[in-house]
Amino acid sequence: MLSDRFGRTIEYLRVSVTDRCDLRCSYCIPKGFKGFEEPENWLTFDEMERVIAAFARLGTRRFRLTGGEPLLRRNLPELAARLSALPGVEDLSLTTNGTQLDKHAKALFDAGLGRLNVSLDSLRRDCVQEISGSDSLEKVLHGLSAARDAGFKTIKINMVPMVGVNDGDIEAMIAFCIEHGFILRLIEAMPMGSTGQHTQGLNLSRLLAELSQRFDLQESCKTLGGGPARYWESRDGRFTLGLITPMSQHFCATCNRVRLSVDGTMYMCLGQEERFELRPLLRAGCSDAELEAAIRHAIELKPEKHEFIERPNQVVRFMSMTGG
């Protein structure tokens with residue numbers, strides 16, 4: 001297995017297929033931002049497949065396609081089919097904002113994609129427009145319906161509660177998820193880039209007690225993915241809630257993931273600057289053994305923990321640049 005110098009097993013790789021997005025969510029990409037990576041620097045599908053195959057040979061089993069908005073990358077179902085067929089790839093999933101999902105859900109399911117995470121911060125049209133910069137709620141709802149019709153059994157809604165913006169929408173989102181059989185994941189905002197640093201997220205550890213009593217929740221022992229979320233279920237089994245708490249209760253000691261950006265840069269931690277560039281090696285014609293050695297070296301750079309609390313202004317890159 002692939003392990004870092006702190007003894008953590010790296011079993012999860014998040015792969016950004018583009019840094020472009022059709023939304024401008026207030027905690028992610030600033031309005032008017034134009035500093036996107038040039039297409040000639042994007043990893044090709046062949047290069048992505050090589051990297052993921054190498055990770056799989058080294059023991060990594062879970063892979064997630066992210067962005068930006070990954071469904072803006074042309075022919076993404078083709079990449080999903082290639083990756084799902086690789087030896088050692090046991091779990092392939094996708095995070096999307098849902099605006100393009102109705103057009104691609106069936107092809108993605110047929111390609112072997114197992115699970116979907118869909119970002120949706122409110123069910124109020126005006127609030128969605130305020131957060132995302134786009135009147136996109138109906139598109140996302142159509143995408144969710146298409147995904148369910150395509151056959152996806154595990155669909156998670158990712159919601160970032162923000163003080164004074166959408167923190168009053170959580171109960172409505174819970175009711176929506178119960179009605180449609182979705183899993184709700186609440187995520188604390190992180191101080192990445194100027195957008196994240198000016199976002200006042202909600203302390204979810206404090207919220208948990210209130211939600212547990214209101215919805216009769218108990219901690220779940222189910223494995224619902226390879227990420228950092230902790231899950232609770234209602235006693236009647238109708239609702240599952242996940243919390244991701246990088247600010248109020250960080251999970252650095254058990255961090256099992258690294259990220260690959262669209263330009264081939266490996267980022268070992270969202271809250272630190274350690275990185276390693278794979279694209280120059282790939283385009284210089286490195287062997288599989290050299291690629292695997294480079295990945296092992298990169299993993300050794302993984303820091304012990306982030307410093308979001310101690311140094312909130314440290315990370316200036318936006319989430320879309322790192323890969324969601």
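At 48% relative accessibility, Lys106 counts as partly exposed. In this predicted model, Lys106 forms a salt bridge with Asp110, and the closest N and O atoms of the pair are 2.8 Å apart. Asp110 is exposed, since its relative accessible area is 51% and the cut-off for that class is over 50%. Both residues belong to helix α3, which covers residues 101–110, and they are 4 residues apart, about one turn of the helix.

The structure holds 19 salt bridges. Side chains of opposite charge can pair when their charged atoms come close. A further pair is formed by Arg125 and Asp135, with the closest N and O atoms 2.5 Å apart. This pair links distant parts of the chain, 10 residues apart: Arg125 is in helix α4 (residues 125–132), and Asp135 is in the loop between α4 and α5 (137–150). Arg125 has a relative accessible area of 54% and is therefore exposed. For Asp135 the value is 36%, so this residue is partly exposed.

Asp288 and Arg50 also form a salt bridge, in which the closest N and O atoms are 2.8 Å apart. Because Asp288 lies in helix α10 and Arg50 in helix α1, the pair ties together parts that are 238 residues apart in sequence. Asp288 is partly exposed, at 38% relative accessibility, and Arg50 is partly exposed as well, at 26%. Salt bridges also join Asp46, Glu49, Glu78 and Arg82 into a network.

Helix α10 spans residues 288–300 and contains Ala289. With a relative accessibility of 56%, Ala289 counts as exposed. The C-alpha atom of Ala289 is separated by 45 Å from that of His142, and the two residues are 147 residues apart along the chain.

Arg257 presents another case among the charged residues. Arg257 is buried yet has no salt bridge. The nearest side chain of opposite charge is that of Glu11, 7.6 Å away. A salt bridge requires a nitrogen and a carboxyl oxygen within 4 Å. The side chain of Arg257 does make a polar contact, at 2.9 Å, with the side chain of Asn256. Arg257 is found in strand β10, which covers residues 257–260. Apart from neighbours within four places in sequence, Arg257 is in contact with a set of residues that includes Ile10, Tyr12 and Arg14, as well as Gly226, Gly227 and Pro228. Phe251, Met268 and Lys302 are also among the contacts of Arg257.

The largest nonpolar core has 77 residues, and the members that touch the most others are Leu65, Leu184, Leu186, Met266, Leu278 and Ile295. Helix α1 (residues 45–57) supplies the largest share of this core, 8 residues. Another core, of 19 residues, lies apart from the largest one and has Tyr27, Phe36, Leu224 and Ala229 among its members. Within the largest core, Leu186 is one of the residues that touch the most other members. When residues up to four places away in sequence are not counted, Leu186 touches Met159, Pro161 and Ile170, among others. Also among the residues touched by Leu186 are Leu204, Leu207 and Leu211, together with Leu241, Gly242, Leu243 and Ile244.

Definitions and conventions
Residues are numbered from 1 along each chain as its sequence is written. This is a predicted model: local features need pLDDT of at least 70, side-chain atom pairs count only at pLDDT 80 or more; totals for chains, interfaces and linings use all residues. Side-chain values use heavy atoms; hydrogens and water are left out. Helices (H or I, at least four residues) and strands (E, at least two) are DSSP runs, numbered from the N terminus. Buried means under 20% relative accessible area, exposed over 50%, partly exposed in between (1.4 Å probe, protein chains only). Lys and Arg count as positive and Asp and Glu as negative; His and the chain ends are not counted. A polar contact is a pair of N or O atoms within 3.5 Å; within protein, one must be able to donate a hydrogen and the other to accept it, and residues adjacent in sequence count only if both atoms are side-chain atoms. Contact means heavy atoms within 4.5 Å. A nonpolar core is a set of buried Ala, Val, Leu, Ile, Met, Phe, Trp, Tyr and Cys residues joined through side-chain atoms within 4.5 Å.
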